[in-house]
Amino acid sequence: MAKVQVIGPRRLLATSLAFVQRQGVLDLRTPPAVAARIPGFLRAVAASEKERASGEALGAAVEAAGRLLAGLPPAPREKEEPLPPPGGPEFLSRLESLATERRALEERVASLEEERRLLDRYRALLLALAPLAGELPQGGQPHCIGLVMQHDGRALALLDRELRRLTGGNCSIESRPAGEEQLAVLATVPEASAKEASALLFEHGVEEISLPPRYAGQPLPEALRLLLSWDQELPGQASAAREELARFSGRVRPALRRAMRRAGRRLAQLEAIASVGETEHAFVITGWVPRARVPELEHRLLRALTGHVALVAYAPEPGEEADVPVVLENRALVRPFERLLALVPPPAYGSLDPTPYLAVFFPLLFGLILGDAGFGVIGVAASLVWRWRGFGGAAGKDYAAIALACSASAVVFGLLFGEVFGDLGERFGLRPLLLDRRRGTLSFLGIALGVGVVHVGLGIALGAVSALRHRRVRPALERIGRLVLLAGASVAGLAVAGVVSRRALVPSMAAGGTGVLLSVAGGGPMALLDVVLSLGNVLSYARLMALGLASALLGEVANRLAATVRPVAVGVALAVFLHAVNFTFGLVSPLIASLRLHYVEFFEKFYEGGGRRYRPFGRGR
């Protein structure tokens, strides 16, 4: 990174800030003299009354536009709705009218949907009641009540008796079946007894048909006729209302987003003014820029402001490391793995970037656990489709690249272990190129621990290199001692296992003792704890064997069920289900285990967090 100062006449401050914002490469900082409040030198730029009022108006505009945007459904883009410039009273007034229009459209859609649900619920009842209502006279008819009841002759007789008691016999009840379980009932009572009849029905838990608000006050026979007619028109009306709301959303959403971006850029400029220093006649904009971008930025500044504004760049000074933002620069194949660092603080400026090592070891550990060519091929196909369809934007593309690397690793290890959906490949003649991990458990454990030795040893070596780069001799010596101990212990373990000659046992133990002495010399007596922890870290890699073996055995069990359970369809269904479960576990378990081994066992040896993220002014606005 390079520290950059943009210096120019005070009258060009707004123009220069807008230019810097458009470039999107300068991570703004307050000039040290302004931050320290040194009198008689640079001072902070004070926002004018007009700028403060503009900031408040823009903030209100962004808030109002955000509220309106949040309530609009996604829709295909239409011709964009023209909006006044954000920040003025016309903009807020226009948003208010748009919000009113949106509410009216939403209320119409909701009303039609509610009527549709009501008609869906009562359609069979309405069809059953309509003939009964048609038999009533149209003029001066008594009050009609539509009811929903279960098929129960005793309940219907009780209802008839109660209504006759209430009305002195001046009532009638007609019923028709409305489906297998329900009965549509049309009760007629005098208008004077309507309220008492409704109360009686409510007390006995009899459901009265509720009419939509538009038919409130209509006589029931007329309302039923209108409802059945409306039932034919309602789907088209509801569809038209939804389409109208979608067209409204398609017009307004792009305009709101554009206005919010415009207001956001201006707000960012007003906020950035507080980070600018000034004198009576000049301004100073200070910040950090990736060193490789400085020449291009300087050239563009010269061309845009015709030499009236200058750019000065220089290297960070001693003591500024904590303030320097961190930019990870990796090759295209490695860059997606930077996403895996999101769960830890950024690396400190000047420290080692772990991304290249993640790009190698994360897929390696994942594939070692999953180790099934069939599952790996499914993962490769899913990753390619994910990448091709562009799910998740730039982040999705990176995660698809990580998934592709891990799936390819699973295919490779699946061929080495001879596994395709468990032992299904073996049934078709596939043989392991390296090891059958279901039967060679100890060998598989040895491979897992060997990977642990390499991984942990690399972390210790990187820690030693980092310490030497910063001229910290004693910490470097302590790490070198641990590395020597780890190498000696590894050779001793191989000698005991008979992999190498037993004559190597004594020299390796001597080397281990030397490593312990070096560690104590560099880190003091407490270094013995780190020595023990490093050996324990290696043993943590035994989880690779445990998880991988569990996956392989579950696949074998699934295939045996398919071969032995009768009828065959049931066995195959059980096998498919278990393979699906195994595949799910095969995605989650390796992911968690691999990340843990990196974050806990590997990073602890060399990773220096606490870096400051690079947040350039204008990026993402």
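Me: Which residues of the largest nonpolar core touch the most other members?
Reply: This is a predicted model in which local features need pLDDT of at least 70, side-chain atom pairs count only at pLDDT 80 or more, and totals for chains, interfaces and linings use all residues. Residues are numbered from 1 along each chain as its sequence is written, and side-chain values use heavy atoms, with hydrogens and water left out. A nonpolar core is a set of buried Ala, Val, Leu, Ile, Met, Phe, Trp, Tyr and Cys residues joined through side-chain atoms within 4.5 Å, where buried means under 20% relative accessible area, exposed over 50% and partly exposed in between (1.4 Å probe, protein chains only). Of the 34 residues in the largest such core, those that touch the most other members are Val6, Leu17, Phe283 and Ile285.

Me: Which element gives the largest share of this core?
Reply: Helices (H or I, at least four residues) and strands (E, at least two) are DSSP runs, numbered from the N terminus. The elements that give two or more residues to this core are strand S1, helix H1 (13–23), helix H7 (220–272), strand S9 and helix H8 (294–305). The largest share, five residues, comes from H7.

Me: How many residues are in the other core, which lies apart from it?
Reply: Among the members of this other core are Val334, Leu352, Cys406 and Leu462. The number of residues in this core is 22.

Me: Which strand is joined to S1 by eight bridges?
Reply: Two strands pair if DSSP finds at least two bridges between them. Strand S10 (residues 310–314) runs antiparallel to S1 and is joined to S1 by five bridges, with Val6 opposite Leu311. The partner with eight bridges is also antiparallel to S1, and its Val289 stands opposite Ala2. That partner is strand S9 (residues 282–289).

Me: Is Lys3 buried or exposed?
Reply: Lys3 belongs to S1 (residues 2–9), a strand that is mostly covered, with six of its eight residues buried. Because its relative accessible area is 7%, Lys3 is classed as buried.

Me: With which side chain does the side chain of Lys3 make a polar contact?
Reply: Contact means heavy atoms within 4.5 Å; leaving aside neighbours within four places in sequence, Lys3 is in contact with residues including Pro32, Trp288, Tyr314 and Glu320. A polar contact is a pair of N or O atoms within 3.5 Å; within protein, one must be able to donate a hydrogen and the other to accept it, and residues adjacent in sequence count only if both atoms are side-chain atoms. At 2.6 Å, the side chain that makes a polar contact with that of Lys3 is Glu320.

Me: What arc do the buried residues of H5 cover around the axis?
Reply: In H5, the buried residues are Leu159, Glu162, Leu163 and Thr167. The arc is that of the directions from the helix axis to the C-beta atoms. These residues lie on the same side of H5, because they cover an arc of only 120 degrees.

Me: Is Thr514 exposed or partly exposed?
Reply: Thr514 lies in helix H15 (residues 505–523). Thr514 has a relative accessibility of 40%, so the residue counts as partly exposed.
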